[in-house]
Amino acid sequence: MEKRRIIIGSRGSQLALIQAHAVMAKLKELSFQTEIVTIETLGDKESNQPLNQLGSVGLFIKELEVSLLSKHIDIAVHSMKDVPSFIPEGLVLAATTERFDARDVLVSKTASSICNLPENARIATGSIRRRSQLKGIRPDLQIEDLRGNVPTRLKKFDNSHWEAIILAGAGLIRLGLKHRISTFIPITEMIPAVGQGALVLETRKDDFELRKLLEKLNHKNTEVATE
């Protein structure tokens, strides 16, 4: 009996596709035929607006979930930190892959740490979480808003007068850009987003065959830590 062909849904950014291809490679090792379909999410479409002004949860996954429920795709690959606490009826988080480094990182033109940034330095981030913690560490910092995928953020930084930006370390590592990291920010200094550094595979709750298969891709320690 011929094995089924599995359709993987992914956002279209370079990082998202790297993540989807990593899942594809694992499924190919299990002798399954796969293909990747790219889907644009609201968070991608509104890439110039601050996230807190978009007024919605699941900004980077909702359209993927709609495609799952309509059976246009079989698996959606998400960054765990983008997944809300509750998912739609009929869907399930079937596997969590091994977590990369969970820490945030500083990308700076001159400084080796947040404390070493010049007084009143301009630093950019798109995250309210990071903004709040930065103000707790350095109330003098001038914090600018930063949106876009990782290469776009780096390009904006390189062409700006900002002293630094803060990103998730896992994204830079997956993109082969670890050399851009000035320092990994200790978790005692800046708490990462829930699930940061981990990927999760979402599928339909009633697709028992696929759920059983995806158990082979699950990393138990990461599943427990993120759950």
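1. A definition to begin with: a charge sits over a ring if NZ of Lys or CZ of Arg is within 6 Å of the ring centre and within 35 degrees of the ring normal. With that in hand, look at Lys 109, whose charged end sits over the ring of Phe 157, 4.7 Å from the centre of that ring. Arg 174 lies over the face of Phe 100, with 4.0 Å to the ring centre. Please keep in mind that this is a predicted model.

2. Five strands form an open sheet in the order 2-1-3-10-4, and the pairing is mixed. Strand 2 (33-38) and strand 4 (91-96) are the edge strands; each has a single partner strand, so one side of each is left without a neighbour in the sheet. On average, and ignoring direction, neighbouring strands are turned by 30 degrees against each other.

3. Which strand does strand 4 pair with in the antiparallel sense? The partner is strand 10 (residues 199-204), and the pairing runs over five bridges. Within strand 10, Arg 204 is the bridge partner of Leu 91.

4. Two helices deserve a look here. Helix 1 (residues 14-29) packs on the sheet and touches strand 1 (5-10), strand 2, strand 3 (75-79) and strand 10. The direction of helix 1 makes about 165 degrees with that of strand 2. Helix 3 (residues 62-69) also packs on the sheet, where its contacts are strand 1, strand 3, strand 4 and strand 10. The direction of helix 3 makes about 165 degrees with that of strand 3.

5. Staying with helix 3, its residues Leu 64, Glu 65, Ser 67 and Leu 68 are buried. These residues cover an arc of only 160 degrees around the axis, which puts them on the same side of helix 3. In an α-helix there are 3.6 residues a turn, so residues three or four places apart point the same way. The cover over the buried residues of helix 3 includes strand 1, strand 3, strand 4 and strand 10. Just after helix 3, Lys 71 has a positive phi of about 65 degrees.

6. Is Thr 41 buried or exposed? Its relative accessibility is 0%, and buried means under 20%, so Thr 41 counts as buried. Thr 41 is found in the loop between strand 2 and helix 2 (42-45). Neighbours within four places in sequence aside, Thr 41 is in contact with Arg 11, Leu 59, Phe 60, Ile 61 and Glu 63.

Notes
Residues numbered from 1 in each chain as written. Predicted model: local features only at pLDDT ≥ 70, side-chain atom pairs only at ≥ 80, totals over all residues. Heavy atoms only, no water. Pairing = 2+ DSSP bridges. Helix = DSSP H or I, 4+ residues; strand = E, 2+ residues; numbered from the N terminus. Axes fitted to C-alpha atoms, helices over the stretch in contact; angles between N-to-C directions. Contact = heavy atoms within 4.5 Å. Buried < 20%, exposed > 50% of the residue type's maximum accessible area, 1.4 Å probe, protein only. Arc of directions from axis to C-beta.
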